[in-house]
Amino acid sequence: MSANPAASLRERVVRMLHREIDAILAPAGYVQAGGRWSRTTAFARTWVEIQRSSSGLACYLNLGRLQRLLNWEWVPPGTYFSGWRIGDFADSTAEHNSLDALAYDQLDGDSPLRAKVMTLLSERAMPFLNASHKPFGHRMLPPRLAALREARP
């Protein structure tokens, strides 16, 4: 542990996040390397990663998908690539905004924020990422964006 209290908090929270995220993703075939979990199949590569904020006081939970072409080659960079934050799987704009930068002090201990993030990851993001590995997974929108599109007149 570090002598710096902020660094100690960050290390403790990141360890907790690693354990909880690994418990959700490992059964689905995701492999962890550092702060990133990835899964590659014939049609896509998906990942979940913990990104440290530049301030060092918060982190982001990013999700991504890179679609593969049917001839099993990787597509050119930027083509069929999609990325999201965990808040993109929330129901409301207010909830989405509150889940952008995740402050370490709000994720520590018996945290309702961490419980909410893990619930969104397991109940919404994981089914979405699993479906992304199907042949036409690149056409899917995250649940919140799909609901907003359907609500338009």
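**Rings, helices and a buried loop**

Guide: A search of the whole structure, a predicted model, turns up two aromatic pairs. Rings of Phe, Tyr and Trp (its six-membered ring) pair if their centres lie within 6.5 Å, with planes under 30 degrees apart counted as stacked, over 60 as edge-to-face and the rest as tilted.

Visitor: Which kind of pair do the rings of Trp84 and Phe128 form?
Guide: The centres of these two rings, Trp84 and Phe128, are 5.0 Å apart. Their planes stand at 90°, so the pair is edge-to-face.

Visitor: How are residues numbered, and which atoms do side-chain values use?
Guide: In this predicted model, local features need pLDDT of at least 70 and side-chain atom pairs pLDDT 80 or more, while totals for chains, interfaces and linings use all residues.

Visitor: Is Phe128 buried or exposed?
Guide: Buried means under 20% relative accessible area, exposed over 50% and partly exposed in between (1.4 Å probe, protein chains only). Phe128 has a relative accessible area of 4%, so this residue is buried.

Visitor: Which residues form one aromatic cluster?
Guide: Trp84, at 8% relative accessibility, counts as buried. This Trp84 belongs to one aromatic cluster, whose members are Trp84, Phe89 and Phe128.

Visitor: Where does H4 bend?
Guide: H4 (residues 112-132) has 21 residues and reaches 29 Å from its first C-alpha to its last, close to the 30 Å expected at 1.5 Å times one less than the number of residues. Its bend is about 40°, taken as the angle between axes fitted to the seven residues ending at a residue and the seven starting there. Pro127 follows within four residues of the bend, which is at Ala125.

Visitor: Which residue caps the N-terminal end of H4?
Guide: A polar contact is a pair of N or O atoms within 3.5 Å; within protein, one must be able to donate a hydrogen and the other to accept it, and residues adjacent in sequence count only if both atoms are side-chain atoms. Here a side-chain oxygen lies 3.2 Å from the backbone nitrogen of Leu113, and the residue providing the cap is Ser111.

Visitor: What separation do the C-alpha atoms of Ala90 and Leu120 have?
Guide: Ala90 sits in the loop between S5 and helix H2 (93-98), and its relative accessible area of 1% makes Ala90 buried. Ala90 and Leu120 are 30 residues apart along the chain, yet their C-alpha atoms are separated by 7.2 Å.

Visitor: With which residues is Ser53 in contact, leaving aside its neighbours within four places in sequence?
Guide: Ser53 lies in the loop between strand S3 (44-52) and strand S4 (58-67), and is buried at 7% relative accessible area. Its side chain makes a polar contact of 3.0 Å with that of Ser55. Contact means heavy atoms within 4.5 Å, and beyond those neighbours Ser53 is in contact with Ala58, Cys59 and Tyr60.

Methods. Residues are numbered from 1 along each chain as its sequence is written. Side-chain values use heavy atoms; hydrogens and water are left out. Helices (H or I, at least four residues) and strands (E, at least two) are DSSP runs, numbered from the N terminus.
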